[in-house]
Amino acid sequence: MTAIIEERTTHGRGQGVFALGSFSKDDVLYVGVLDDRSTSNHSHASQVSKTKFGFHTGLSSKFNHSCNPNCGIILNDSGGHNIVAMRDIAAGDEATYDYAMRNYRIEHFTGLCACGHKNCRGSITGWRDLPQQRKDDYAGFVAPYLIELDLEDAAIEKRQLDATSPAGGSSA
């Protein structure tokens with residue numbers, strides 16, 4: 001099998017993953033294979049369901065975060081995260097994705113984001129903390145359980161709002 005990506009040193013961000021050839025939108029750069037160890041949420045763990053976290057084998061942990069990613073996440077049949085092109089990627093380009101595409105909450109990156117893009121949000125956040133426009137921009141390239149968790153949180157917020165509003169939230 002011919003390699004299609006490789007690990008290289010980036011400018012100012014440690015190691016990263018780079019394309020060895022060109023990719024078109026929806027091309028798979030990395031097939032996610034889950035390690036059999038479960039873990040809690042931390043910097044190299046991927047959320048793999050609403051409540052579980054795991055590690056991926058291979059170069060998964062070498063993909064850098066970007067607030068302007070060229071890749072996204074698609075779940076494969078094993079529950080692993082395939083990393084796929086969201087747009088065309090040229091040979092030699094660094095392949096990046098937004099870590100919010102895989103984790104609902106991110107509390108383990110306390111420093112500033114180093115992606116350097118003009119649309120950088122300043123810190124690496126989870127899905128729940130993204131503005132709706134950014135979520136809309138990522139449609140089709142995020143783990144589906146993140147959408148489910150958003151809906152659950154919205155329902156909880158609505159129930160809480162209804163419980164605290166006059167007349168129990170009913171309109172007259």
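The model is predicted. The protein chain contains two helices and ten strands. From the N terminus on, the order of elements is β-β-β-β-β-β-β-β-β-β-α-α. Along the principal axes, the C-alpha atoms fill a box of roughly 65 × 40 × 30 Å. The protein chain has 172 residues, and buried residues account for 39% of them. Its accessible surface amounts to about 9,400 Å². Carbon and sulfur atoms contribute 52% of that area. Of the contacts between residues at least 6 apart in sequence, 63% link residues at least 24 apart.

Three strands form an open sheet in the order S4-S6-S5. Their pairing is antiparallel. Strand S4 (34-39) and strand S5 (46-47) are the edge strands. Each has a single partner strand, so one side of each lacks a neighbour in the sheet. In general, strands of a sheet pair through backbone hydrogen bonds. S4 pairs with strand S6 (residues 53-56) over three bridges, in the antiparallel sense. Leu34 has His56 in S6 as its bridge partner.

A nonpolar patch on the surface consists of Val28, Val31 and Val33. Together these residues expose about 220 Å² of accessible area. Val28 belongs to strand S3 (residues 28-30). Its relative accessible area is 34%, so Val28 counts as partly exposed. Patch membership requires over 30% relative accessible area, and Val28 has 34%.

Definitions and conventions
Residues are numbered from 1 along each chain as its sequence is written. This is a predicted model: local features need pLDDT of at least 70, side-chain atom pairs count only at pLDDT 80 or more; totals for chains, interfaces and linings use all residues. Side-chain values use heavy atoms; hydrogens and water are left out. Patches are made of residues with over 30% relative accessible area and no salt bridge: like charges are joined within 9 Å, nonpolar side chains (Val, Leu, Ile, Met, Phe, Trp, Tyr) within 5 Å. Accessible areas come from the Shrake-Rupley method with a 1.4 Å probe; for residues, only the protein chains shown count as cover. A salt bridge is a side-chain nitrogen of Lys or Arg within 4 Å of a carboxyl oxygen of Asp or Glu. Helices (H or I, at least four residues) and strands (E, at least two) are DSSP runs, numbered from the N terminus. Buried means under 20% relative accessible area, exposed over 50%, partly exposed in between (1.4 Å probe, protein chains only). Two strands pair if DSSP finds at least two bridges between them. Contact means heavy atoms within 4.5 Å.
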